[in-house]
Amino acid sequence: MTYDYHITYFLISIPGVYCLPNEKIGMEVAFVGYSNSGKSSAINALTYQKKLTKVSKTPGCTQLINLFEVSPGIRLIDFPGYGYAKKTKKRKNYWHDVICEYLKKRENLKGLILMMDIRHPIKDLDQKTIESALSVDVPIFTLLSKSDKISRNILQITSKKIMHDMQMMFETHIQAEPFSVVKKYGIHSLKRVLDNWLR
Ligand SMILES: Nc1nc2c(ncn2[C@@H]2O[C@H](COP(=O)(O)OP(=O)(O)OP(=O)(O)O)[C@@H](O)[C@H]2O)c(=O)[nH]1
Ligand SMILES: [Mg+2]
């Protein structure tokens with residue numbers, strides 16, 4: 001099965017997971033990660049649309065859960081990023097806690113796309129997200145975003161090191177791939193993974 005991601009359209013913005021569509025219908029994949037890691041940019045790159053979902057230099061840009069459909073019932077979910085809040089630690093963890101609850105309960109969730117800035121990988125909340133997903137057998141694909149920000153030879157070494165570190169940390173293989181919306185790295189792999197999960 002291959003989807004035409006460029007025909008993806010906006011479905012709805014919701015304030016919390018209690019507003020999600022009925023899980024008996026359709027399948028979904030969620031984009032998660034730290035605030036400013038590039039989740040919304042990745043969805044725009046995947047769908048070849050510049051403004052499908054809002055991208056911003058300011059962290060904390062997405063504060064609603066945005067849902068898109070590739071075709072009826074086939075949903076991509078852009079979660080607000082975790083780890084950013086002007087005020088308290090509780091707010092910093094807020095979206096992380098929501099995502100962990102969601103991934104443990106959501107039956108039609110087929111996989112998580114975890115965006116990690118290649119220059120700041122596997123931070124505390126990413127580690128917890130991976131542990132939560134592994135505990136309920138939700139597949140994870142990590143995109144090492146902003147890969148254009150480091151040179152090509154360092155990129156190879158860095159991505160190998162991140163994969164090795166994850167193998168050590170979680171004692172299992174976690175798929176990871178350099179990603180860049182500027183240089184268009186990783187878009188093909190992202191599509192392949194989504195096509196496979198959303199069969
Ligand atoms: N150089 C470069 N910049 C990127 C890339 N991806 C995203 N950015 C920039 O990073 C910033 C944040 O991108 P977003 O896509 O809004 O990040 P987000 O993870 O959706 O952020 P929140 O909605 O706050 O959680 C923007 O200024 C983007 O232009 C990339 O691959 N390369
Ligand atoms: Mg966003």
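Predicted model: local features only at pLDDT ≥ 70, side-chain atom pairs only at ≥ 80, totals over all residues.
Seven strands form an open sheet here, with mixed pairing and the order β1-β3-β4-β2-β5-β6-β7.

- From one strand to the next, the twist averages 20°.
- Take β5 (residues 109-117) and β6 (residues 140-145) as a pair to look at: they run in the parallel sense and are joined over six bridges.
- Within this pairing, L114 stands opposite T142 in β6.

**The helix on the sheet**

- Helix α1, made of residues 39-46, packs on the sheet.
- The strands that α1 touches are β2 (27-33), β3 (65-71), β4 (74-78) and β5.
- The direction of α1 makes about 135° with that of β2.

**Around ligand 1**

- Ligand 1 is surrounded by 22 residues, and the closest are K39, S41, T62, D148 and V181.
- K39 has a polar side-chain atom 2.6 Å from an oxygen atom of ligand 1.
- In the side chain of S35, an N or O atom is 2.9 Å from an oxygen atom of ligand 1.
- K146 also places a polar side-chain atom by the ligand, 3.0 Å from an oxygen atom.
- Of the 660 Å² of accessible area that ligand 1 has on its own, the protein covers 88%.

Conventions: Residues numbered from 1 in each chain as written. Chains lettered and ligands numbered in written order. Heavy atoms only, no water. Pairing = 2+ DSSP bridges. Helix = DSSP H or I, 4+ residues; strand = E, 2+ residues; numbered from the N terminus. Axes fitted to C-alpha atoms, helices over the stretch in contact; angles between N-to-C directions. Contact = heavy atoms within 4.5 Å. Near = heavy atom within 4 Å. Polar contact = N/O pair within 3.5 Å; in protein donor to acceptor, adjacent residues only side chain to side chain. Areas by Shrake-Rupley, 256 points an atom, 1.4 Å probe, with all protein chains shown as cover.
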